Amino acid sequence: MAMEYFDEKIVPILKRKMPGSDVSGRLIGTAPVPGPSAALTTMQLFSKQSPSRQEVTKLQQQVKANGTGLTALKREISELRVKVQEQQKQLQDQDQKLLEQTQIIGEQNARLAELERKLREVMESTVGNSSGSGSNEQSPRKRRKAVDSTDCPRKSKRLRNRK
């Protein structure tokens, strides 16, 4: 409402008083920068019907200062947007890596469970063979060798026979 009043009432008066200057409602109607008490506010202009040339000049200086500040803020906003985009991309990459690692862990857990099952079977068969055939007299070393050599898919023959 204040902007409309200013555009309708004040700007035409300013244009009549200063025919040689380029005065527009948008430039003068912007909010002033908080500053020293010497700066005029829009409300002070509303209270007067005929602002002086000096007052208009001060307002135009405030508008320029606002424009400079606005430009700096726009630049900062664009820099921050770029940073946000970079962080979002980094987050997506990390999410993808997390998913891949979760899948690998699941596969490894399945493999571990299978190997544990096989180990149990081998242990049971070894215990069953030794108790069933009456070879309780075997030394613990021989039993250990038999267990080690029966199911070692990862060890080569050289490593199995090294002991």
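Helices here are DSSP runs of H or I with at least four residues, numbered from the N terminus. The model is predicted, so local features need pLDDT of at least 70 and side-chain atom pairs count only at pLDDT 80 or more, while totals for chains, interfaces and linings use all residues. Residues are numbered from 1 along each chain as its sequence is written, and side-chain values use heavy atoms, with hydrogens and water left out.

**Stop 1: Lys-89 and Asp-93**

Select helix 4, residues 53-132, and pick out Lys-89 and Asp-93, which sit four residues apart in it, about one turn of the helix. The two form a salt bridge (a side-chain nitrogen of Lys or Arg within 4 Å of a carboxyl oxygen of Asp or Glu). Their closest N and O atoms are 3.7 Å apart. Asp-93 has a relative accessible area of 38% and is partly exposed, where buried means under 20%, exposed over 50% and partly exposed in between, with a 1.4 Å probe and protein chains only. A search of the whole structure gives three salt bridges.

**Stop 2**

An α-helix has 3.6 residues a turn, so residues three or four places apart point the same way. Relative accessibility is 29% for Glu-114, 32% for Arg-117 and 41% for Glu-121; Glu-121 is thus partly exposed.

**Stop 3**

Now select Phe-6, Ile-10, Val-11, Leu-14 and Val-56, the largest nonpolar core. Such a core is a set of buried Ala, Val, Leu, Ile, Met, Phe, Trp, Tyr and Cys residues joined through side-chain atoms within 4.5 Å. Helix 1, residues 2-17, gives the most to this core, with four residues. The buried residues in helix 1 include Ile-13.

Finally, trace the axis of helix 1. Where does a kink lie? It is at Ile-10, shortly before Pro-12, and amounts to about 35°, the bend being the angle between axes fitted to the seven residues ending at a residue and the seven starting there.

Definitions and conventions
Helices (H or I, at least four residues) and strands (E, at least two) are DSSP runs, numbered from the N terminus.
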